[in-house]
Amino acid sequence: MSAGAGHDAKGSDMVQWHGTNFTVDGHEPTSAEEYYRIGLHCWNSGQHPGAEVYFLETAASTGHSAAIELLGHIDYTQGRYASAVPRLRHSSGSPRAAFYLASLYHHGCPQAGIVESLDEAARWYRASAELGEPEAMLVLGDLYLERLIPITRTPAEHALEQFLAAAARNHPYAQYRAAEIYRTLYQDNERAAVMYQSCVDNPMTERHSLGSMMTLQSQAHLREISAFRAARRLQQRRDTVNPAQRRGDFY
């Protein structure tokens with residue numbers, strides 16, 4: 001199945017937008033789903049700027065949930081928060097819609113009539129995290145570490161739980177943050193090494209904005225942990241071949 005721009009000399013079986021003809025599998029779109037597919041194609045391809053909104057709004061006018069969610073995403077990323085918010089609220093099953101709402105409450109957004117509220121932000125971050133959004137898990141982890149939201153265990157336990165959940169979804173920064181907590185707060189070099197190595201090996205790391213830093217720091221800590229292991233093995237060897245009770249014979 002395909003959706004996108006096409007041309008038909010007869011001018012039939014198509015929808016025209018600013019001189020470009022659009023079809024779905026060679027025929028004129030007639031359903032909300034087909035209008036959504038064209039809008040999604042335009043958004044993903046980056047071709048025909050503006051066409052995505054036209055087709056998505058046509059689909060959204062019939063209540064097409066995916067079209068409404070994508071329009072909310074487009075509005076949010078392009079800074080049109082006032083129009084984004086009702087669309088984001090409509091998209092209750094979308095992890096990214098919940099994350100965007102959390103971010104707006106976290107920092108406040110007068111343009112959208114949203115007053116800063118960490119309680120509301122945390123509620124939406126949790127909703128997003130429960131739907132599988134790793135970015136929401138990372139923010140929750142930081143809020144727990146800073147003790148800005150209620151805790152029932154230590155801040156580190158709450159934060160590590162969130163970071164590990166995001167790491168399991170192959171998020172490189174979550175892998176790095178989990179490694180840091182294991183190393184610094186738990187002094188657990190073995191588990192830290194596993195997370196650092198996952199971050200280094202993750203192909204997503206180099207595409208992350210902090211990719212270079214995470215790679216360099218992870219590699220440095222892996223070398224330190226390796227050196228610590230080697231020193232520990234040597235000490236174990238010394239203790240085995242020269243037990244403490246015999247050292248008085250020679251020292």
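Hello everyone. What we have here is a predicted model, in which local features need pLDDT of at least 70, side-chain atom pairs count only at pLDDT 80 or more, and totals for chains, interfaces and linings use all residues. Residues are numbered from 1 along each chain as its sequence is written, and side-chain values use heavy atoms, with hydrogens and water left out.

Buried will mean under 20% relative accessible area, exposed over 50%, and partly exposed in between, with a 1.4 Å probe and protein chains only.

Let's begin with the strands. β2, residues 15-17, and β3, residues 20-24, run antiparallel and are joined by 3 bridges; two strands pair if DSSP finds at least two bridges between them. W17 has T20 of β3 as its bridge partner. The hairpin has 2 residues between the strands, and H18 takes a positive phi near 50° there. Are the faces of β3 covered or open? Both are covered. On one side T20, F22 and V24 are buried, and on the other N21 and T23 are.

The expected span of a helix is 1.5 Å times one less than its number of residues. For the 31 residues of α11 that gives 45 Å, and the end C-alpha atoms are 45 Å apart, so the two agree. Its buried residues, among them M214, H221 and I225, pack against α9 (172-184) and α10 (189-201).

That brings us to α9, which has 13 residues and reaches 18 Å from its first C-alpha to its last, close to the 18 Å expected. Why call α9 largely enclosed by the rest of the structure? Because 11 of its 13 residues are buried. Their cover includes α7 (134-145), α8 (155-167), α10 and α11.

Next, the inside. A nonpolar core is a set of buried Ala, Val, Leu, Ile, Met, Phe, Trp, Tyr and Cys residues joined through side-chain atoms within 4.5 Å. The largest one has 48 residues, and L88, L104, I114, Y125 and Y196 touch the most other members. At least two residues of this core come from each of α4 (81-90), α5, α6, α7, α8, α9, α10 and α11. Which helix supplies the largest share of this core? It is α5, with 8 residues. A second, separate core of 18 residues includes Y35, Y36, I68 and I74.

Contact, by the way, means heavy atoms within 4.5 Å. Leaving aside neighbours within four places in sequence, I114 is in contact with V85, R89, L104, Y105, G108 and C109.

On to the rings. Phe, Tyr and Trp rings (for Trp, the six-membered one) pair if their centres lie within 6.5 Å; planes under 30 degrees apart count as stacked, over 60 as edge-to-face and the rest as tilted. There are 10 aromatic pairs in the structure. Y54 and F55 have ring centres 4.9 Å apart and planes at 80°, so they are edge-to-face. Y54 is partly exposed at 35% relative accessibility, whereas F55 is buried at 0%.

Last, the charges. A salt bridge is a side-chain nitrogen of Lys or Arg within 4 Å of a carboxyl oxygen of Asp or Glu, and the structure holds 12 of them. In one, R37 meets D25 with the closest N and O atoms 4.0 Å apart. R37 is in helix α1 (residues 32-45) and D25 in the loop between β3 and α1, 12 residues apart. R37 is buried at 16% relative accessibility, while D25 is partly exposed at 38%. Another joins E120 and R123, at 3.0 Å from N to O; these two are 3 residues apart in α6, so about one helical turn separates them. Finally, E57, D75, R80 and R87 are linked in a network of salt bridges.

Methods: Helix = DSSP H or I, 4+ residues; strand = E, 2+ residues; numbered from the N terminus.
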